[in-house]
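Here is a friendly tour of one protein model. Please keep the sequence and the 3D view open as you read.

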Amino acid sequence: QAYADYNDVMYLSEEIYKYLAQQVNGSLLLPPRSLNGTEVVLDLSKPWRRLPYLDAIREFTGVDVSQVSSLADAITAASRAGVKTDGMEKMDWEQVLGEIFDQKVEEHLIEPTFIIDYPAGLCPLTKRHRDNPKLAERFELYMAGMEMANAFSELSDPAYQREQFEAQKRRAAAGDEETQPMDDDYLTALEYGLPPTGGLGIGVDRAVMMLTGATSVRDIILFPQQRQAQSET
């Protein structure tokens, strides 16, 4: 969305899910689902929390990572949080924080929650935070312990974007399989100019699971059903 940022897209994401829930279920109450043996019914009419990434780690692990800025500090924090640190010496410190979040925080994000302001090193396509350059203007939306949307204020500086792509190439050469590849066409487009922009990605399969109460992605995607129908005929 041109002339928007991640705050605008947060509002848009909430409105999309509320609209879909009303259309599918006639209510802002989602179908019940079992989480760790407990039946949970999410009510989308309640206020949706906005929780900074670093605060989420502190809240659910008790470890304050707000001052971490080196690999050694990040590994120490991971150990204190109960995360195995084998192999972390090959990571960047932001990636180590990502491991803490993935292993110790995600499962607790049951009610609709926007996790905001990620470490900038985890967000190669994202604009730096306007108040803190160590962070990026990115959010992920979580429900029932699952990521439901990923969005950010788009990075529009072509020189800085090239630096981020080069850093991703170095990570890939070091063995990181989840890097963003170099995109020269995108850089050329940025050199012509990009207005302030908010970007949003929603996983349709997970959205359908949440809206229908399905517990397996195989229950809602089309192709396994097509294969079954073809085998029966």
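The report below covers the model, its sheet, an aromatic pair and a pocket.

## About the model

This is a predicted model, in which local features need pLDDT of at least 70 and side-chain atom pairs count only at pLDDT 80 or more, while totals for chains, interfaces and linings use all residues. Residues are numbered from 1 along each chain as its sequence is written, and side-chain values use heavy atoms, with hydrogens and water left out.

## The sheet and its helices

Let's start with an open sheet of five strands, ordered β3-β4-β5-β6-β7 with mixed pairing. Its edge strands, β3 (49-52) and β7 (198-202), each pair on one side only. From one strand to the next, the twist averages 25 degrees. Helices (H or I, at least four residues) and strands (E, at least two) are DSSP runs numbered from the N terminus, and two strands pair if DSSP finds at least two bridges between them. Five bridges join β6 and β7 in the antiparallel sense, and N150 stands opposite G201 in β7.

Helix α2 (residues 53-61) lies across β3, β4 (113-119) and β5, at about 90 degrees to β3. Helix α7 (residues 204-212) lies across β5, β6 and β7, at about 130 degrees to β6. Angles run from 0 to 180 degrees between N-to-C directions, with axes fitted to C-alpha atoms, for helices over the stretch in contact; contact means heavy atoms within 4.5 Å.

## An aromatic tie

Rings of Phe, Tyr and Trp (its six-membered ring) pair if their centres lie within 6.5 Å; planes under 30 degrees apart count as stacked, over 60 as edge-to-face and the rest as tilted. The count by this rule is six aromatic pairs. One of them, Y53 with Y118, is tilted, at 4.5 Å centre to centre and 45 degrees between the planes. Y53 lies in helix α2 and Y118 in strand β4, so the pair ties together parts 65 residues apart in sequence.

## Who lines the pocket?

α4 (93-104), β5 (135-143), β6 (146-153) and α5 (158-173) each supply at least two residues to the lining of the largest pocket, with the largest share, five residues, coming from α4. A pocket here is an open set of points on a 1 Å grid over the protein atoms alone, where a 1.4 Å probe fits, with protein on both sides within 12 Å along at least five of seven lines; lining residues have an atom within 4 Å of a point.
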